[in-house]
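Hi everyone, thanks for coming.

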Amino acid sequence: MSPSPDIIVVGGGIVGTACAAELARRGATVTLIEAECLGSGATAAGMGHLVVMDDSEAQFALGRLSRDRWDELSDRLPADAEFENCGTLWVAADDQEMAAVRAKETFYAERELAATTLDAAALYEAEPNLRPGLAGALHVPGDSVVYAPCAARALADEATEHGATVLTGRAVTRIDGQRVLLADGTAITAGRVVNAAGDGARHLTPGLPVRPRNGQLAITDRYPGFVSHQLVELGYLKNAHSSGQDSVAFNAQPRPSGQVLLGSSRQFDVTDPAVDHAMLGRMLRRSLDYLPGLADLQIIRCWTGFRAATPDNLPLIGPHPSHEHLWLATGHEGLGVTTSLGTARLLADLMLEGEPPLDPAPFAPARFEFVGGRHA
Amino acid sequence: MIERNAQVVVIGGGPAGLAAAVAADRAGADSVLLIDANVDPGGQIWRGETRRRPDQRNATAGDTLADFGTSAVLHLGESRVVAAPAPGELLVETAEDVLVVRYGSLVIATGARERFVPFPGWTRPNVMGVGGLQAMVKGGLPIEGKRVALAGSGPLLLAVADSLQAHGARIVLVAEQAPSHKVARFGMGMLMDPGKLGQGLGYAWRLRRVPYRRGWWPARADGRHRSRGDASDAPVSRAVLTNGRGQEIIVACDYLACGFHITPSLELVELLGCATEYDTYQGQRTTVVDGMQQTSVAGIYGAGECIGVGGLECALIEGRIAGLAAAGHPAEAAPLLAERDRERNRAQALNAAFSLRPELRRLADPETVVCRCEDIPLSRLVDLSSWREAKLHTRCGMGACQGRVCGGAVEFLFDWEPRSTRPPLFPARVGTLAAPRD
Ligand SMILES: Cc1cc2nc3c(=O)[nH]c(=O)nc-3n(C[C@H](O)[C@H](O)[C@H](O)COP(=O)(O)OP(=O)(O)OC[C@H]3O[C@@H](n4cnc5c(N)ncnc54)[C@H](O)[C@@H]3O)c2cc1C
Ligand SMILES: Cc1cc2nc3c(=O)[nH]c(=O)nc-3n(C[C@H](O)[C@H](O)[C@H](O)COP(=O)(O)OP(=O)(O)OC[C@H]3O[C@@H](n4cnc5c(N)ncnc54)[C@H](O)[C@@H]3O)c2cc1C
């Protein structure tokens, strides 16, 4: 084994690979350790919608920073990362939601993020397969989609180019101060350790305020042109973040292959990764409600994924409040593909004494009281 | 949404499924439901038999289909099991409807499908599986006067050559990959079995003018467009066979039919959580069953090719045992067990004689397409270490066929753990999976 790295990053999902790439690019010697293959956790399950959300000022800031960085990265991404600037349409069902569209437009405008309100006619021109009777939509042209597992692999490749060591198929069994123990019995020592193991992070660092939140997904066969923007119902936020309750929201994404990817559902306290047909059925009925023409299209596969959710839905980025050498980059809930690049930037600035591009406080792990845990 | 309940539900209308359904019915099951994707009962081997005049039917087929026709079994044709939403419950899609089927016990008889071994040119038009070509000919594809080369392994090659010849095809070559001594040993085995011998001698006589080369296999399929010259999408114009010692046989042909054994259809088995295991004789995974054909999940039975490739007699007798056990009368199956074991042993001997040689793993070029749905060449797979990695990073096996075609090939080429099975088992309408439950 090469000399001890400055930093070990545990977890080769989109967040871990982004952090490894950023840290390596900025001169740190990095070892990235992934239990399975790159991008195989939540990163393999999620929709990969690169979207700037506005549910809090901090979320917006991280989202915008991240989306800008995705745009920069897009030129360097390989074709199989399928980066596509399709834009988002936040669909309003009625006048009440239309008022929310205008409020959202104002919020974005005040922060200089391009977004325009579409009336019903413009909406149907953009997406003729939507059901009649909708009120309009907010069009956010700068949002994109990416195929995250290949993007994670590309980020790991970038880390390697900058001297990082990438170990795959190697599970970490324990993080013990500056030592990381692997399932095969080896131990690696580093200056600092970043736990970026997604939902797996809570097993390595007991006491993390993170809970898995299950989501069902379904993908159709190829129907090019059936939808052309990422379509999300405006009630999404309301549905998605009504903490506690199981919920579904209409979310449809055009894949470059012509397939349509359908989400989304949210369930706490589910540990079984098998498809839950009751929840899947509810989610698909919601999709049919917005896109009735889907009924006769064929679904070729359904699956599920787990989002690592914190109580305030913001990720944990920064030093662990009580473990000296341990840093955290997890808890990205349903936005981690988007916010991975902003997370990497923020983490690297904090670790390598750079100038943070945004206020780190809302993301500081110390904002929570960590309960339990071996050393806490 | 329609609801159906039955004491015994059988999935698959091939010989194994038909035998199971009839046995369960005769044993006195309250209700037996047979669900099959095809319109008519018969499965792969008896495709089209029900449309023939009874006096022209194959005798075993005739008997089995007649027994089925006069039984009280409810036959649900053109229906596919697409998901298992809850224990004891199946979601079934038909052309128009969605059904929820609840069972007391279940017999899985989903059969097998052809295994493809990729070699340069295998994706050209008119290069196809022996079973596929046979089904198309039974379905009306004109084959009269066409030159057909067959390559692959096992008695199925000769059976298909015989049937294509009977439809007027000119069989230009049958290339058996197994070496002569293994085939000869298998021939000796058949001598011990008068029934099989008669069948074998029949083929031998009818195919006596056809070159039958043992120890040869396809190296590539060349193609030519009449007008545009050589192109990768041109139909096959000649087959190039090799014996691995630098020699080649080149034959002109209109069709190249390949048959590298068949591979059990395990999707439903896996979805229901029944255990599977790697069978070294067959070189592939099969369903684990006990002496009464019960899988690792209580109340779920397996019979026929989906628990391991065994042929017609094996499928029939396993079906009967499974049907009796599923109906709650396992004791009545006791007299059948010894014969079933003999059939299985015979099948294993056959599988051993025609086991695929390791050279077949190295036929594909880096450019040879392995996954046809997603157009993934071999070069993109060789450095990967698992199905999951292949799927996530190349989309291999993620297309409409969900690995039904490339799965067997990939399993043969690389020693990867099997793929995960997720619903739907077949492409299913959004409306079907959205159907409200309770
Ligand atoms: C249904 C669903 C839809 C989503 N849609 C979107 C969307 O549209 N847009 C968006 O931006 N985000 C979306 N997300 C969220 C996004 O997918 C996740 O936030 C993001 O992938 C998290 O990345 P990660 O790297 O933190 O975690 P993961 O991708 O889970 O990566 C963690 C990695 O760590 C590895 N690991 C775990 N334990 C160990 C160990 N002990 N040793 C070594 N390695 C280990 C795992 O194998 C895994 O590869 C969605 C998520 C879901 C579930
Ligand atoms: C392509 C091919 C060609 C063959 N040709 C010959 C031949 O010429 N001669 C010969 O002796 N043997 C042949 N065999 C072998 C022969 O089919 C078997 O020995 C015998 O038929 C096994 O019967 P079975 O009932 O196990 O399976 P099968 O006959 O394959 O029957 C399985 C049935 O289950 C149905 N099914 C599968 N999944 C589902 C689902 N989820 N929902 C509803 N229905 C489902 C299928 O549509 C099919 O009708 C062939 C096999 C294959 C695969």
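**Where chain A meets chain B**

Let's start with charges: across the interface of chain A and chain B, the rule finds three salt bridges. Keep in mind that this is a predicted model. One salt bridge to look for pairs B:Arg388 with A:Glu36, and their closest N and O atoms are 3.6 Å apart.

What about polar contacts? Between chain A and chain B, 14 residue pairs are in polar contact, with both residues at pLDDT 80 or more. On the side of chain A that touches chain B, the elements giving two or more residues are α6 (148-161), β13 (211-222), α9 (277-290) and β17 (298-309). Sort that side by class and you get 20 nonpolar, seven polar and eight charged residues.

Now zoom in on β17 of chain A.

Okay, let's zoom back out. How many residues are in contact here? On chain A there are 35, and they touch 31 residues of chain B. For chain A and chain B, that comes to about 2700 Å² buried between them, with 54% of it on carbon and sulfur atoms. In chain A, the residues losing the most area to chain B are A:His277, A:Ile300 and A:Arg301, together 27% of what that side buries.

Technical notes: Residues are numbered from 1 along each chain as its sequence is written. Chains are lettered from A and ligands numbered from 1 in the order in which they are written. This is a predicted model: local features need pLDDT of at least 70, side-chain atom pairs count only at pLDDT 80 or more; totals for chains, interfaces and linings use all residues. Side-chain values use heavy atoms; hydrogens and water are left out. Contact means heavy atoms within 4.5 Å. Buried area is the accessible area (1.4 Å probe) that two parts lose on being put together, summed over both. A salt bridge is a side-chain nitrogen of Lys or Arg within 4 Å of a carboxyl oxygen of Asp or Glu. A polar contact is a pair of N or O atoms within 3.5 Å; within protein, one must be able to donate a hydrogen and the other to accept it, and residues adjacent in sequence count only if both atoms are side-chain atoms. Helices (H or I, at least four residues) and strands (E, at least two) are DSSP runs, numbered from the N terminus. Ala, Val, Leu, Ile, Met, Phe, Trp, Tyr, Cys and Pro count as nonpolar, Asp, Glu, Lys and Arg as charged, and the others, Gly among them, as polar.
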